[in-house]
Amino acid sequence: MQALHIIKIGGNVIDNSENLHRFLKDFTALEGAKILVHGGGKVATQIGESMGIEAQMVDGRRITDIDTLRIVTMVYAGLINKNIVAQLQCYGTNAIGLTGADGDFIRAKKRPVKTIDYGFVGDINDDSINPANISKLIDAGFSPVFCALTHDGEGQMLNTNADTIASALALALSGLYETTLVYCFEKKGVLMDVDDDDSLIREINPERYEQLKAEKIIHSGMLPKLDNAFTAISCGVKAVIIGHSDDLGNLKNEQGFGTRLSK
Ligand SMILES: Nc1ncnc2c1ncn2[C@@H]1O[C@H](COP(=O)(O)OP(=O)(O)O)[C@@H](O)[C@H]1O
Ligand SMILES: CC(=O)N[C@@H](CCC(=O)OP(=O)(O)O)C(=O)O
């Protein structure tokens, strides 16, 4: 089976152009088939605020009313996606920028209203992604670059968390490729102390994850990231690694990069 890397980059790195460019160079240097998934929540919040629209987050998810949907569509699919694609082209990666609506690559269902109305937020299902269609792009030599937007098939764009998109792509493509999923952010990996980069935890299995959650060592944005990551590893994704965007160049070096998840 051909190897595939799916790399997700988070909003804090996108917000720092020096770190972003270093990361995009390292992404270009990765050999073989690759997909980039980017967030950009921080930039969307800043631009929304400059337009008088305050972000409302619940459990790490953005409440997406119609005005917020307009902002995230402009920011994720336009500003961030196209700048990343242009930079990758400059470094020599033949990137193609996509939302889930393009090529009907990722469909989602609007999240049903329970106690909270998340608005235009989309949840991905088992049959949301057609891996054969995405592999046509890869076979043609493109590196797809997905932003955090999906569609419902009835003309409605939806906002979907980028970590979730990355793990759903990894799951869907793991039948066709030997897939490695890498979450890159602004810390060395999962840390014992969030403020101490020397406290990196090299490996986590589900039991240790439960302990670290109970001890509140892992919290906030790291919880949905790891929930997605453990789902991926238990469903056929070969490896899941969480590490610093600056260290992507060390990916080949087994001990050199971030926190590895094990079953
Ligand atoms: N044990 C931990 N180790 C590292 N980061 C942690 C930990 N627990 C919580 N976090 C938080 O998780 C955040 C990463 O999640 P998130 O903000 O969703 O990232 P991104 O936007 O890059 O996807 C870190 O910035 C950090 O504040
Ligand atoms: C529904 C939902 O919350 N969507 C996210 C999508 C962006 C994202 O995931 O960005 P980061 O990876 O930078 O956090 C949001 O709008 O913040």
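Predicted model: local features only at pLDDT ≥ 70, side-chain atom pairs only at ≥ 80, totals over all residues.
Select Gln-211 to begin: with 11 C-beta neighbours inside 10 Å, Gln-211 counts as exposed. By the burial rule used here, a residue is buried if 20 or more other C-beta atoms lie within 10 Å of its own, exposed if 12 or fewer, and partly exposed in between, with C-beta atoms placed from the backbone. Gln-211 sits in helix α7, residues 206-214. Helices (H or I, at least four residues) and strands (E, at least two) are DSSP runs, numbered from the N terminus.

Residues are numbered from 1 along each chain as its sequence is written, and chains are lettered from A and ligands numbered from 1 in the order in which they are written.

**The whole chain**

Colour the chain by pLDDT, the predictor's confidence in each residue from 0 to 100. The mean is 96, and 99% of the residues reach 70 or more; the model scores are ipTM 0.97 and pTM 0.97. Zoom out to see 8 helices and 14 strands. The C-alpha trace spans about 45 × 45 × 35 Å along its principal axes. For 263 residues a compact globule would have a radius of gyration near 18 Å, and the chain, at 17 Å, agrees; the radius is taken over C-alpha atoms, and the globule rule is 2.2 Å times the number of residues to the power 0.38. Buried residues account for 45% of the chain.

Next select residues 6-242, which an unreviewed UniProt entry lists as "domain: Aspartate/glutamate/uridylate kinase".

**The open sheet**

Show the strands in the order β5-β8-β2-β1-β11-β13-β14-β12, an open sheet of 8 strands with mixed pairing. At the edges stand β5 (95-98) and β12 (203-204), each with a single partner strand, so one side of each has no neighbour in the sheet. Two strands pair if DSSP finds at least two bridges between them.

Select β13, residues 239-244: 5 of its 6 residues are buried, so the strand is largely enclosed by the rest of the structure. On one pairing, β11 (178-185) runs parallel to β13 over 6 bridges, and Phe-185 has His-244 as its bridge partner. On another, β14 (259-261) is antiparallel to β13 over 2 bridges, with Ile-242 opposite Thr-259. Then move to β2 (33-38) and β8 (143-146), parallel strands joined by 2 bridges; here Leu-36 is partnered by Val-145.

**The ligand shells**

Select ligand 1, surrounded by 18 residues, the closest being Gly-10, Phe-185, Leu-191, Gly-221 and Met-222. A residue is near a molecule if its C-beta atom, placed from the backbone, lies within 6 Å of it. Helices α1 (11-14) and α8 (222-234) each contribute at least two residues to this shell. Its composition is 7 nonpolar, 8 polar and 3 charged, where Ala, Val, Leu, Ile, Met, Phe, Trp, Tyr, Cys and Pro count as nonpolar, Asp, Glu, Lys and Arg as charged, and the others, Gly among them, as polar.

Finally, select ligand 2, with 15 surrounding residues, of which Gly-11, Gly-39, Gly-41, Ala-148 and Ala-162 are the closest. Helix α3 (41-50) and strand β4 (61-62) each supply at least two members of this shell, which divides into 5 nonpolar, 8 polar and 2 charged residues.

How values were computed:
UniProt positions renumbered as here; feature names shortened; annotations may be inferred.
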